[in-house]
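The stops below take you through it one selection at a time.

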Amino acid sequence: MGEVRKLQKKLRQIENLEIKISLTPEERFKISRKAELRSRLAELQLQLSGPQQTLGIVGDGKKEKMKRQVEDAPEALPSQTPPASKILKGEEQSKAQATPAPAARQRERGGGAEIGRRREGTEPANVSDQCRDADDERHLRQEEAEFTSLKASWEKARFRLRLLEGHNDIVTCVVAVDNLVVSGSRDTTVKVWHVPTAAEHKNLGGHTGGVTCLAAPPPEFCKRLAWSLSLSDKERFILSGSADCNVKIWALSIGQCVKSIYTFNAVTALCFVPEEDGYIITGSDGGKVQAWSWHTFENCQSINAHQEAVTSVQSQGPLVFSGSAEGGVSVWENRCSDRDPLRLLHHWSGQVTGCGGGPAGRLTLSPRGDRVFLAHGRAWLKILHWRTGAMSRLTNHSSITGVTDCAHQTGGLLIGSCYDVANGESSLNLFSLPQCQYLASLTWPDAPRILCFAAWTTGSGDHRWVTGGRDLIVWEQLPRSGKQRGDVTVRRDSRLESCSLESEGDSEDDEEETDDCEDGEEDEGRAGRRDSAEEDGRSGSWLRCVLQ
């Protein structure tokens, strides 16, 4: 098992190297060994798994260990966890039964006449409780019926895939604007694609470093800038950030850069905040968060917000969320002032989020109300309740070698990318919102790793998605009534169905080892000791799912 663990770690390190914005010759050599390491890992796993055995996780808490498990003993597997709503309801009923109501205790102490009077007084309350229970039960049945219908509809979903060819390196970011898809790549270019024809519409060259992030201001803010530049009021603009320390603003119709902002730091994340006159928020490789006026393009604020590179910045109304490589998440309020518009509301460190990954980590955020979904290169999605710091997690891969690179919310769906570093298989997992119940997995032959995602819906309500990574692909949902065959396989992973959304309050720290790609090969003795400790002390609740 020790060698298997080491190979898995090396493959994870290589996958992290592949998505870096720039590579050294030594790193490129390490990446070239990926196929060799995967082959060796497959041989070892084949040797470890006998003809009638499968590798699984048994036990819970600190007693969880990697053991060999005979396939003909399904009763040893954990039973499916009931939905959270049923758990909470069951707990409430148990508490109600275990603790008599104050009125009931008083009836027990009183005489016969007193009992009669008090019983008359409690009858309306009992009727009210019964009505409330009946309403809860009806609501629960309605939710279950809606989920069953939604699940059935996704099991029949069909998509056509179209490859957009033109970039000569990995695609790091994508956004959708009207009928256009805009992509940024490590090859330093920004490209604009016409979705109906899957053709390259514009090639925006001007960055001298890899493009790391994109953002699309809303039309009303584009109109203001267009007026000032004497362009059509229908002009749309795109923001691009790059390792060359520049944020560029592009006019899509003319394909030209109309403004360039030098930030003095490699730009690793950005977003647009549509409040008052508008703000551009950028994150840097040194952990700095900066605010820029959309009206004057002047710097409004610079904050040393994080210890490592800021890998994601997202906005939600007047709120701004920033996440960094060390796993920290900060929540800011935009006060819409000319100077220092951002006020820190909360900061949750990597120790709280459990997303620490060292300098090579990559944390992406997707906020929704009081929750922020965190994708951080592991087999699950983390959920931060940002007002309280409470954490929960949602299993997104049934194998310990799974990687979640990005999460996106669209049309009542949570979509998480899913990639297995051991065999290179890739898919998208779909969950319903807000319950986060697993719906289906979408994949296709030779699917590449998905690093970024954008989505929109057509006038008829059909989904259009674009995914980026090694390939840039447009997903077009086909009508149910049509006879055209889809390119995507819809499947359900029963191992994900048996893993519910779980709180992390009662679990130990996450199992993951630190994937510090800068350190190269680690000391063999230290690796062996850590492998042994991880196998004996792994306590993450998601490991109750069987790995096959």
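Predicted model: local features only at pLDDT ≥ 70, side-chain atom pairs only at ≥ 80, totals over all residues.

Glu200 is partly exposed, with 38% relative accessible area. Is Lys191 buried or exposed? At 6% relative accessibility, Lys191 counts as buried, because the cut-off for buried is under 20%.

Move to Glu333 and Arg343. Their side chains meet in a salt bridge, 2.6 Å from N to O. Colour the strands to see what is being linked. Glu333 sits in strand 18 (residues 329-334) and Arg343 in strand 19 (residues 342-348). The two residues are 10 residues apart, and the pair links distant parts of the chain. Glu333 is partly exposed at 26% relative accessible area. Arg343 is partly exposed too, at 37%.

Next, select Arg160, Arg162, Arg464 and Glu476 together. Salt bridges that share partners join these four into one network.

Now go to helix 6 and pick Glu137 and Arg141. Both lie in this helix, 4 residues apart, which is about one turn. Their side chains meet in a salt bridge of 3.9 Å, N to O. Glu137 is partly exposed, at 31% relative accessible area. Arg141 is partly exposed as well, at 46%. Side chains of opposite charge can pair when their charged atoms come close.

How many salt bridges are there in total? The count comes to 12.

**The largest core**

Select Trp154, Phe159, Leu428, Leu430, Trp465 and Trp475. Of the 21 residues in the largest nonpolar core, these touch the most other members. Which elements give two or more residues to this core? They are helix 6 (112-155), strand 3 (159-163), strand 26 (413-420), strand 27 (426-432), strand 28 (437-443), strand 29 (450-457) and strand 31 (473-477). Strand 29 gives the largest share, 3 residues. In soluble globular proteins, nonpolar side chains tend to be buried together.

Zoom in on Trp475 and show its contacts, leaving aside neighbours within four places in sequence. They include Phe159, Leu161, Leu428, Leu442, Trp444, Trp465 and Val488. Arg160 and Arg464, seen in the salt-bridge network, also contact Trp475. So does His463.

There is a second, separate core of 19 residues. To find it, select Ala215, Phe237, Ile261 and Phe297, which are among its members.

**His463**

Centre on His463, in strand 30 (residues 463-469). His463 is buried, with 9% relative accessible area. Not counting residues up to four places away in sequence, His463 touches Trp154, Phe159, Leu413, Trp456, Thr457, Trp475, Glu476 and Gln477. Look also at Trp465: a polar contact of 3.5 Å joins its side chain to that of His463. Then draw a C-alpha distance from His463 to Gly411. The two are 52 residues apart in sequence and 8.7 Å apart in space.

**Phe321**

Jump to strand 17 (residues 319-324) and pick Phe321. How accessible is Phe321, and what relative area does it have? Phe321 is buried, at 0%. Beyond residues up to four places away, its contacts include Val313, Val331, Leu365, Pro367, Val372 and Trp386. Ser312, Gln314, Gln316 and Ser330 touch Phe321 too. From Phe321 to Pro367 is 46 residues in sequence and 7.7 Å between C-alpha atoms.

**Helix 2**

Select residues 25-32, which make up helix 2. Which residues here are buried? Glu27, Lys30 and Ile31 are. Look down the helix axis: the buried residues fall within an arc of 100°, so they line one face of helix 2. Turn to the other side, where Pro25, Glu26, Arg28, Phe29 and Ser32 are exposed.

**Last stop: cysteines**

Select Cys245 and Cys436. Cys245 is buried at 14% relative accessible area, and Cys436 is buried at 4%. How many disulfides does the model have? The count comes to 0.

Conventions
Residues numbered from 1 in each chain as written. Heavy atoms only, no water. Core = buried A, V, L, I, M, F, W, Y, C linked by side-chain atoms within 4.5 Å. Buried < 20%, exposed > 50% of the residue type's maximum accessible area, 1.4 Å probe, protein only. Contact = heavy atoms within 4.5 Å. Arc of directions from axis to C-beta. Disulfide = S-S within 2.5 Å. Polar contact = N/O pair within 3.5 Å; in protein donor to acceptor, adjacent residues only side chain to side chain.
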